[in-house]
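Please open the model in a viewer and keep the selection tool at hand.

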Amino acid sequence: MKVTVRFFAAPREAIGRSEIEQHLPEGATVRQLLDELTAQYPALHRYLETMNMAVNRHYVDLDVELRDGDVVACVPPVGGG
Amino acid sequence: MSAAPKKLFEITIDPLSVDEVVGRLADPSIGAIATFVGVVRGETDGRQVHHLEYEAYPEMAEDMLRQIGAEIQQRWSTIQRVAIVHRVGHQVVGTVSVVIALSAPHREEVFDALHYAIDRLKDIVPIWKKEVWADGYEWRSER
């Protein structure tokens, strides 16, 4: 299956991408996606601890299973207002 | 010329007008409006700020702003309407970065609801602030 992953702010600058398409096995979790991403983009590693994850515009836990077509966002600590 | 009604919860690249955002609340039942205006400050931690760059995940940010509005109306039942408009992009010192406006028939609950709105925005909305000074930059957050 294929998901879209969006990056913002510091992680976006670190890896030089704002959006990628990632192929994953059926039933892969957000955690497994992150393992894949940090293998491809080691610069992402330092942001893992403080990043929240969102799937289809909702914050999720790492154990959530992904589905084909999902839009995942890596959300580093927010700073609006 | 477009006459499309303005959204109550919006991420925009355009300059903000407090009056304009307040105008989105218009309703004959209201007797009180409270506003919060966020402004780009010229100094942080002893450093002179050159400018800020705000970035957003706009679709999710608007969802989260809408959620904050719903949370407010759930918790403070007299609040009639909530509008939150956040600007993104390059912003120099003194720029209005966010306007929150909310209305009610009477003033009792508007201040508490407004305080909640800005605190909650800073907690959950996917917007990021890059502070740029003369010889460097940093992505800032409250955490």
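Begin with the largest nonpolar core of this predicted model. The core holds 49 residues, and those with the most contacts inside it are B:A61, B:I84, B:I100, B:L102 and B:A117. In general, nonpolar side chains of soluble globular proteins tend to be buried together.

Select B:A117 next. Which residues does B:A117 touch, leaving aside those up to four places away in sequence? The contacts are B:F36, B:I68, B:I72, B:V82, B:I84, B:I100 and B:L102. Of these, B:I84, B:I100 and B:L102 also belong, like B:A117 itself, to the residues with the most contacts inside the core.

**The sheet of chain B**

Now display the strands β1, β5, β7 and β2 of chain B. They form an open sheet of four strands in the order β1-β5-β7-β2, with mixed pairing. Which strands stand at the edges? They are β1 (9-12) and β2 (32-39) of chain B; each has a single partner strand, so one side of each is left without a neighbour in the sheet. On average, neighbouring strands of this sheet are turned by 10 degrees against each other, direction ignored.

Select residues 81-87 and 96-104 of chain B, which are strands β5 and β7. The two run antiparallel and are joined by six bridges. Within this pair, B:I84 stands opposite B:I100 of β7(B), and B:V85 has B:V99 of β7(B) as its bridge partner. The facing residues B:I84 and B:I100 are both among those with the most contacts inside the core.

Is β7(B) mostly covered or mostly open? The strand is mostly covered, with eight of its nine residues buried.

Then move to B:G23, which lies in helix α1 (residues 18-23) of chain B. Is B:G23 buried or exposed? B:G23 counts as exposed because 12 other C-beta atoms lie within 10 Å, and a residue with 12 or fewer falls in that class. A distance drawn from B:G23 to B:F111, C-alpha to C-alpha, reads 19 Å, with 88 residues separating the two in sequence.

**The contact between the chains**

Select the residues at which chains A and B touch. Chain B contributes 21 residues to the contact and chain A contributes 14 residues. On the side of chain B that touches chain A, the elements giving two or more residues are α2 (58-75), α3 (110-124), β8 (127-133) and β9 (136-140) of chain B. Which element gives the largest share? It is α3(B), with four residues. By class, this side of chain B divides into 11 nonpolar, three polar and seven charged residues.

**Chain A**

Turn to the strands of chain A. Five of them form an open sheet in the order β2-β1-β5-β3-β4, and the pairing is mixed. The edge strands are β2 (19-23) and β4 of chain A, each pairing on one side only. From one strand to the next, the twist averages 35 degrees. Strand β1 (residues 2-6) of chain A pairs with β2(A) in the antiparallel sense over five bridges, and the bridge partner of A:T4 in β2(A) is A:E21.

Finally, select A:N56 and A:R57. A:N56 lies in the loop between β3 (52-55) and β4 (58-60) of chain A, and A:R57 lies in the loop between β3 and β4 of chain A. A:N56 is not a glycine, although its phi is positive at about 50 degrees. A:R57, also a residue other than glycine, has a positive phi near 70 degrees. A:N56 counts as partly exposed, with 16 C-beta neighbours inside 10 Å; A:R57 counts as partly exposed with 15.

**Confidence**

To close, colour chain B by pLDDT. Its average is 95, and 97% of the residues score at least 70. For the complex, the predictor gives an ipTM of 0.96 and a pTM of 0.95.

How values were computed: Residues numbered from 1 in each chain as written. Chains lettered and ligands numbered in written order. Predicted model: local features only at pLDDT ≥ 70, side-chain atom pairs only at ≥ 80, totals over all residues. Contact = placed C-beta atoms within 7 Å. Nonpolar A, V, L, I, M, F, W, Y, C, P; charged D, E, K, R; others polar. Buried ≥ 20, exposed ≤ 12 C-beta atoms within 10 Å, placed from the backbone. Pairing = 2+ DSSP bridges. Axes fitted to C-alpha atoms, helices over the stretch in contact; angles between N-to-C directions. pLDDT = per-residue confidence, 0-100. Core = buried A, V, L, I, M, F, W, Y, C linked by C-beta atoms within 7 Å.
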